[in-house]
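Hi everyone, thanks for making time. Let's have a look at the sequence and the structure together, and then I'll talk you through a few local features.

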Amino acid sequence: MHQFDEIQSRLAPELSEMNAIIRETLATPNQLMNQVVTGYLQTKGKQIRPLLVMLAAKFFGGVTSDTLYAAAALEMLHNASLIHDDVVDETSLRRGLPTVNTIWGNHMAVLVGDFFVSNALAAGIRTGHISVISALSDLGKELSLGEVDQICNVREHHLDEEHYISMISKKTASLFLNCVRMGAETAGASEKDYAPLVEFAHLLGLAFQIRDDIFDYYNDERIGKPTGNDLREGKVTLPLLHVLQITPAEEVESYKALLRRGDLSSEEIESLVKFAVDNGGVDYAYSYMRGLQEKATRLLDEYPDSEWKRSFLDLFEFIINRSK
């Protein structure tokens with residue numbers, strides 16, 4: 001059985017309970033909203049984020065009712081961000097299926113995203129943990145700031161790793177570390193006890209986003225976006241950033257000029273993608289993830305061996321090797 005499938009299988013009862021909470025929380029007398037929400041929930045992905053909440057709780061004792069509501073809150077907040085992102089990016093497909101904005105229009109999609117946010121907070125309140133509610137609030141700010149940082153990087157042409165890592169730390173890694181923090185706290189763990197695991201989750205989140213960005217350099221219909229889509233939107237990610245930094249100035253200036261100009265043609269995008277791949281940009285991104293993985297593994301050395309510790313380590317390996 002696949003590593004990730006094993007983790008999902010171990011937590012299948014808890015995932016089922018959490019999804020029931022989500023359906024119950026999002027239920028409303030409004031038939032149109034129910035129709036949109038029901039259709040959207042049928043396209044749920046791997047649910048890695050709520051799995052992290054539950055794994056952290058298992059790591060420190062066990063999954064409680066509060067854990068399930070915290071996981072549901074995070075999953076709804078995450079989905080709200082995806083629905084809003086699809087509007088901003090004018091995305092027509094997600095996970096191979098039409099997005100809310102494609103089916104129902106931008107106006108309805110924004111309202112549905114807001115509805116998810118409100119219900120995420122409601123689920124957080126059900127836990128009775130002020131730390132969970134505070135984390136949800138902070139997370140909403142971090143996700144927004146991450147997206148704004150990305151816009152700034154595009155507009156101001158920040159072509160360096162430092163800005164990129166800072167951006168994905170807010171945009172993606174913040175969600176992963178808060179998943180672990182919430183799971184640990186709902187299981188009764190102290191901050192001192194769960195601090196190394198939270199940092200592990202931060203590194204896992206960085207690797208997740210880097211792997212996601214690598215998909216942009218290869219054509220694969222399973223992923224649901226064309227090659228070079230990030231570049232089409234003005235987003236320069238780690239593989240190309242690295243090659244731009246290591247290539248002599250006289251050789252790289254024409255590529256930087258293209259990025260500063262923007263509005264790239266398909267041929268120009270293809271040229272930039274080929275430049276990154278041929279000069280080791282993707283290989284560098286993989287090695288960067290392996291470096292993150294080594295640091296993360298060391299963070300767990302102080303914890304005793306358990307199936308849940310091994311699950312975290314297996315999850316990191318899956319993140320790096322995933323095909324979609």
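Let me start with a question: is Gln-47 buried or exposed? Keep in mind that this is a predicted model. The relative accessible area of Gln-47 comes out at 9%, so with buried meaning under 20%, Gln-47 is buried. You'll find Gln-47 in the loop between α3 (31–41) and α4 (48–59). Its backbone is worth a look too: phi of Gln-47 is near 55 degrees, a positive value in a residue that is not glycine.

Now over to Glu-90, in the loop between α5 (65–89) and β1 (93–94). Here phi is also positive, near 55 degrees, and again the residue is something other than glycine. But Glu-90 has 69% relative accessibility and counts as exposed.

On to the rings. Searching the whole structure gives 11 aromatic pairs. One of them is Phe-176 with Phe-208: the centres are 5.2 Å apart and the planes meet at 45 degrees, so this pair is tilted. Phe-176 belongs to helix α9 (residues 161–186) and Phe-208 to helix α10 (residues 191–214), so the pair ties together parts 32 residues apart in sequence. Both Phe-176 and Phe-208 are buried.

Finally, which residues do ring pairs link into a cluster? They are Phe-59, Phe-60, Phe-200, Tyr-303, Phe-312 and Phe-316.

Note on methods. Residues are numbered from 1 along each chain as its sequence is written. This is a predicted model: local features need pLDDT of at least 70, side-chain atom pairs count only at pLDDT 80 or more; totals for chains, interfaces and linings use all residues. Side-chain values use heavy atoms; hydrogens and water are left out. Rings of Phe, Tyr and Trp (its six-membered ring) pair if their centres lie within 6.5 Å; planes under 30 degrees apart count as stacked, over 60 as edge-to-face and the rest as tilted. Helices (H or I, at least four residues) and strands (E, at least two) are DSSP runs, numbered from the N terminus. Buried means under 20% relative accessible area, exposed over 50%, partly exposed in between (1.4 Å probe, protein chains only).
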